[in-house]
Amino acid sequence: MGDSAAVSEREEKILAIIETARGKRAKFRDERITMAHGAGGKATQTLIEGLFVPAFGGAALSEMADAGRLSLDGVELALTTDAYVVKPLRFPGGSIGELAVNGTVNDLAVAGARALALSLSLVLEEGLAADELRAEVDAIAAAASAAQVEILAGDTKVVERGHADGMYVCTSGLGRRDPRASLAPANIRPGDHVLLSGAIGEHGMAIMLARGEFELDAAIESDTASLWPAVDALLDAAGPSLRCLRDATRGGVASVLNELARAASVAMLVDERAVPVQPAVAGAGEILGIDPMYVANEGKLVAFVAPEQAGEALAALRCVPGSEQAAEIGEVRSEPTGMVLVETSFGGRRVMDQLVGDPLPRIC
Amino acid sequence: MKFVDEFRDAALGRALAGEILSLVEPGRHYKVMEVCGGHTHSIYKYGVDDLLPANVELVHGPGCPVCVIPMGRVDDGIAVANVAGVIFTCFGDMMRVPGSDGSLLDAKAAGADVRMVYSPLDALRIAKQNPDREVVFFAIGFETTAPSTALTLKRARAEGVKNFSCICSHVTIVPPLRALLESPDLRLDGFIGPGHVATVVGARPFEFIPADYGRPLVVAGFEPLDILQSIAMILRQLAQGRCEVENQYKRVVPYEGNLRALEVLSEVFELRPHFEWRGLGFISHSGLKLSEAYADLDAELRFSVPGVRVADPKACQCGEVLKGVIKPWECKVFGTACTPERPIGTCMVSSEGACAAYYNFGRFAREREVV
């Protein structure tokens, strides 16, 4: 008896040490940048928390939202920027140009801001076919017009052959924060419901298959789209009961939930059966050994809504074109803090962890 | 998905969980080892262990082919990847395994041309597309993946592809199991047998486990219902005082194995006198190398490979964790020198290894009920 008490005391002590270590701000200690630093998981977080935030300081940046906030003579604004480096440039369901507009519009939208204006920088590779450039310019114009946002400034650079994979596109966006919105991770409370605006994993899977590395064909199209209509509908339906929004891009829904569970010091319980996944995406994920929960979306958001407004918010979301499959996928709990648990479709429970590096296919 | 969802039925799962509960002797603690990393993955993915009473403990075995590759061999791979003009190909999850100075992912970041492939045939295709480059495939895995490497080498030979070679780090499953079982302090009650390996070698090679060591083994499939049913079969053997090899995965595994695959294996490979396993040390006749007849496709001969053994840090106790002698947190380096970000032993390398799982989810994992 005495022995087992001593043993569990030691175990408690070791668990406490681990928890302290996990709670500490990540340090950036790597000697080189690897692909993992860009994958949106733990390595990316180390880079941001361990290098960028300490260097650039400001309170707005350390919130690590999709867009920074600023006030100018009483006008509430939001600012965001993003670089697009997708390969191939065109893929089923979209292209780099369309992505560059929607992605930046969406970063503003989930911060509760409607995009007012974009800047556009193009880094072009020597030898790029003019027709390819023309197609992307058309795609950018079309996406901007669909999202009702103007391109106000731009820049062009050309780099030598062998760089930039054809083209890189950078966009920055300025938006006006909607007076109905008061969104922040700190607003998330135990009991809040978690809504997802549609089926997951389509963008990332479409890109993986379009690269042709896997000799796998499936009718999967990128979901790239502006999320403002969905955000607008949610704000209308839930107002201040809408606590927080995130677009589930790189790292997928799993990464968004983990990030917010940590930021809000809450736990989340996800019902795997409730998460909409297209059969083709589920099948490709099965073959490649990649969980769609970790795969990128470019037109899906996760919303946290107070329980009393969750039903109305979901109904409103489902009326938005492109969000017909929206679903309530889980709820916020208080314990275990900072963790995301999944009730699997098989009936067991497990931890859905943060991604450590790039999602790599497994051999076994 | 048809033919998949049927094996993930939650209602049937609950029924099997009930059956397992009825087979458990109250107060007795059961330790069952799932040998194969694929099982570990399914158990984790579907939360299978969450459906078991807490006194039925699953111990993750040595069957993760990626995690068992020792640091010295990762270093060998990186050395070849760094040779000018080489395209180095390997499976995705191998790229993250640390050597003594970084992983293949780090080597890639530093400029080596390291590419992920999904099958050795993809590596051969890259070789044919790049006739002016040397293409090396880092072959890893148990008897499950060894036949596809063997067939690829045969095809390279038949098609006269000269710029293709392979670092063979294939391993066999029986020797490490025997090494575990030889240990006097072993605390395991039974084994969930590796279904994919058995697809190739059959169920017969595992007969020594009940015969010589008195532990039951059930060859199991990889869907959650397969695993629960296998656990029930093991517990039933224990309850009835039986001890034998049973085959739960009959829809795929013939008792005698795949004779043609075995033939190809013996043509292309031969046993190494011994092979080093991360965390387990040297085990006799546990690794494969290319046979004399295929020596010209052996990258270890074609390139100068350091072949330096990098010892696991002395304090690493993966062997004891695998045998179920100690819990992860009882290891001297657990959580301090050995963490998921900077792993030392095999149990910390894969996110599903016993130590990594305990590091990440320990507090949550202890909430199950004891019957």
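Modeller: pLDDT is the predictor's confidence in each residue, from 0 to 100. This is a predicted model, where local features need pLDDT of at least 70, side-chain atom pairs count only at pLDDT 80 or more, and totals for chains, interfaces and linings use all residues. Residues are numbered from 1 along each chain as its sequence is written, while chains are lettered from A and ligands numbered from 1 in the order in which they are written.

Biologist: Where in chain B is confidence lowest, and where highest?

Modeller: Helices (H or I, at least four residues) and strands (E, at least two) are DSSP runs, numbered from the N terminus. In chain B, helix α15 (residues 354-365) is lowest, with a mean of 74, and strand β8 (residues 217-220) is highest, at 98. The mean pLDDT of chain B is 91, with 97% of its residues at 70 or more.

Biologist: In which order do the five strands of the chain A sheet lie?

Modeller: Two strands pair if DSSP finds at least two bridges between them. In chain A the order is β1-β2-β7-β5-β6, an open sheet with mixed pairing. Its edge strands, β1 (68-72) and β6 (150-159) of chain A, each pair on one side only.

Biologist: How many bridges join β1(A) to β2(A)?

Modeller: Five, and the two strands run antiparallel. A:Leu72 has A:Val75 of β2(A) as its bridge partner.

Biologist: Which strands does helix α4 of chain A touch?

Modeller: Contact means C-beta atoms, placed from the backbone, within 7 Å. Helix α4 (residues 96-109) of chain A packs on the sheet and touches β2, β5 (113-125) and β7 (167-177) of chain A.

Key:
Two residues are in contact if their C-beta atoms, placed from the backbone, lie within 7 Å. Axes are lines fitted to C-alpha atoms, for helices over the stretch in contact, and angles run from 0 to 180 degrees between N-to-C directions.
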